[in-house]
Amino acid sequence: MILVTGGAGFIGGNFVLDWLANPHAEGVVNLDKLTYAGNLATLQSLSADDRHIFVQGDIGDYELVLSLLKKHAIRAVVNFAAESHVDRSIHGPGDFIQTNVLGTFNLLEAVRAFWSDLSEEGKQQFRFLHVSTDEVYGSLSATDPAFSETNPYEPNSPYSASKAASDHLVRAWHHTYGLPVLTTNCSNNYGPYHFPEKLIPLVILNALAGKPLPIYGDGQQIRDWLYVKDHCSAIRRVLEAGKLGETYNVGGWNEKPNLDVVHTICSILDSLRPKADGTSYATQITYVKDRPGHDRRYAIDATKLERELGWKPAETFETGIQKTVQWYLDNQEWTEGVLSGSYRDWVKKQYS
Ligand code: NAD
Ligand code: DAU
């Protein structure tokens, strides 16, 4: 079996669903703390699938992790578990240090203890894949080349600093102890089951609810957008054939200013779900206070992954965003479940 951490979150949940869509795939032990971002509704279609074992727990719980590794004879760990939202890290960095830094440390220690006791063959076959972000590389100017794996780390937010710290721990556990690790650094994901604190789902759901579409600052910050299923296929590929100790950048080759992303969503909604008054959803766009320390541009150079492992994204932004908007229109039950009291508290704190 494989152990997936954070598999009730956005990317982890998509990864587990995609993995188990293959009838020949190994089973998944899914360890998730079920923070505000974890949602079992995402995994509902697996409720009768014996290959999926869900465990509510913390990656920082050494004893729990070690017992799961032993009990299920885990062959690989894919670590998605993290606090992931930049704005929340600005309001309260403590949880980010706790999970992303200390949690990763404890997870690595439990994995090291388990791995050290494996047979030579078991040791060689074992993998620890750490899922990280392009934000560790800092911010680019309009003319800088895209981030490659050799860019220096220059994290700017409490979130990206905590992810950078976790990447360094993973690297050191390979260098010092020989733990068979792989690290992926990817750009902004979007797609089904995305928690609506992040730009794309927030804009879709606010638009449909007739609420303002908040644009931080001038809306000209650039992100590279990666459809989540492409990210999942990249992780599977790296897990299968990645070179131990290496890092791989994963990107969608889709750099877009935020304002363009929001206009694209509005025009898709204008055609799929026209407003009764005949106006465009774009009339709901509202400029709000900028994010402190807001990174201007991220861009990923994913040529290493293509050259060495033959991976390329299947979706363009145009195809991926169309599917995403349609998914939110078709899955209102999921979103209604997510828009709970604690989500409303967050919106009040961030946007009032
Ligand atoms: P998410 O916030 O949607 O989900 C995180 C999941 O981790 C949740 O289910 C949560 O309950 C769980 N979790 C949090 N703390 C935990 C702990 N201590 N122990 C066990 N589980 C815990 O995040 P996401 O967007 O799915 O991101 C997954 C990973 O990918 C993160 O490591 C993130 O840094 C990285 N990443 C995300 C993006 C993106 O665009 N979303 C891009 C690059 C990298
Ligand atoms: O680059 C990868 C990262 O992408 C991941 O590591 C993070 O986990 C993930 O949350 C994401 O970070 P961003 O900060 O880029 O994503 P977010 O969706 O929060 O914001 C995208 C851009 O949109 C960013 O420039 C801020 C802006 N924004 C965001 C929100 C929520 C707005 O203008 N208005 C908003 O209301």
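Contact here means heavy atoms within 4.5 Å.

## Glutamine 284 and the basis of the model

By that criterion, and not counting residues up to four places away in sequence, glutamine 284 touches Asn206, Ala207, Gly210, Lys211, Pro212, Leu213 and Lys275. Glutamine 284 sits in the loop between helix 9 and strand 12; helices (H or I, at least four residues) and strands (E, at least two) are DSSP runs, numbered from the N terminus. Its relative accessible area is 10%, so glutamine 284 is buried. The classes are buried under 20% relative accessible area, exposed over 50% and partly exposed in between, with a 1.4 Å probe and protein chains only.

The model is predicted: local features need pLDDT of at least 70 and side-chain atom pairs count only at pLDDT 80 or more, while totals for chains, interfaces and linings use all residues. Residues are numbered from 1 along each chain as its sequence is written, chains are lettered from A and ligands numbered from 1 in the order in which they are written, and side-chain values use heavy atoms, with hydrogens and water left out.

## Helix 11

Helix 11 covers residues 317-330. Its 14 residues should span 20 Å at 1.5 Å a residue, and the end C-alpha atoms are 20 Å apart, which agrees. The expected span is 1.5 Å times one less than the number of residues.

Buried residues in helix 11 are Phe317, Gly320, Ile321, Thr324, Val325, Trp327, Tyr328 and Leu329. Their cover includes strand 7 (188-190), helix 7 (199-208), strand 9 (222-227), strand 11 (255-257), helix 9 (258-272) and helix 12 (332-338). Glutamine 326 also lies in helix 11, but at 30% relative accessibility it counts as partly exposed.

## Salt bridges

The whole structure holds 16 salt bridges, each being a side-chain nitrogen of Lys or Arg within 4 Å of a carboxyl oxygen of Asp or Glu. Glutamate 318 pairs with lysine 256, the closest N and O atoms being 3.5 Å apart. This pair links distant parts of the chain, with glutamate 318 in helix 11 and lysine 256 in strand 11, 62 residues apart. Glutamate 318 is partly exposed, at 48% relative accessibility. Elsewhere, salt bridges that share partners join Arg88, Glu197 and Lys198 into one network.

Aspartate 58 forms a salt bridge with lysine 33, and the closest N and O atoms are 3.5 Å apart. The two are 25 residues apart: aspartate 58 is in the loop between strand 3 (52-56) and helix 2 (62-71), and lysine 33 in the loop between strand 2 (28-32) and strand 3. Both partners are partly exposed, aspartate 58 with a relative accessible area of 25% and lysine 33 with 41%. Lysine 123 and glutamate 120 form another salt bridge, with closest N and O atoms 3.6 Å apart. Both lie in helix 5 (residues 120-125), 3 residues apart, about one turn of the helix. An α-helix has 3.6 residues a turn, so residues three or four places apart point the same way. Glutamate 120 is exposed, at 55% relative accessibility.

## Pocket and cavities

The largest pocket has about 480 Å³ of space. It is lined by 18 residues, of which Leu205, Asn206, Ala209, Lys211 and Tyr343 are the closest to its centre. Helix 7, strand 12 (285-288), helix 12 and helix 13 (341-351) each give two or more residues to the lining. By class, this lining has 11 nonpolar, 4 polar and 3 charged residues. Ala, Val, Leu, Ile, Met, Phe, Trp, Tyr, Cys and Pro count as nonpolar, Asp, Glu, Lys and Arg as charged, and the others, Gly among them, as polar.

There are 2 cavities of 30 Å³ or more in the whole structure. On a 1 Å grid over the protein atoms alone, a cavity is a set of points where a 1.4 Å probe fits but cannot get out, and a pocket is an open set with protein on both sides within 12 Å along at least five of seven lines; lining residues have an atom within 4 Å of a point. The second largest cavity has about 60 Å³ of space, and its lining has 4 nonpolar, 3 polar and 4 charged residues. Among them are Glu135, Arg223, Arg291 and Asp295.

How values were computed:
Points joined across faces, edges and corners; volume = space filled by probe spheres on them.
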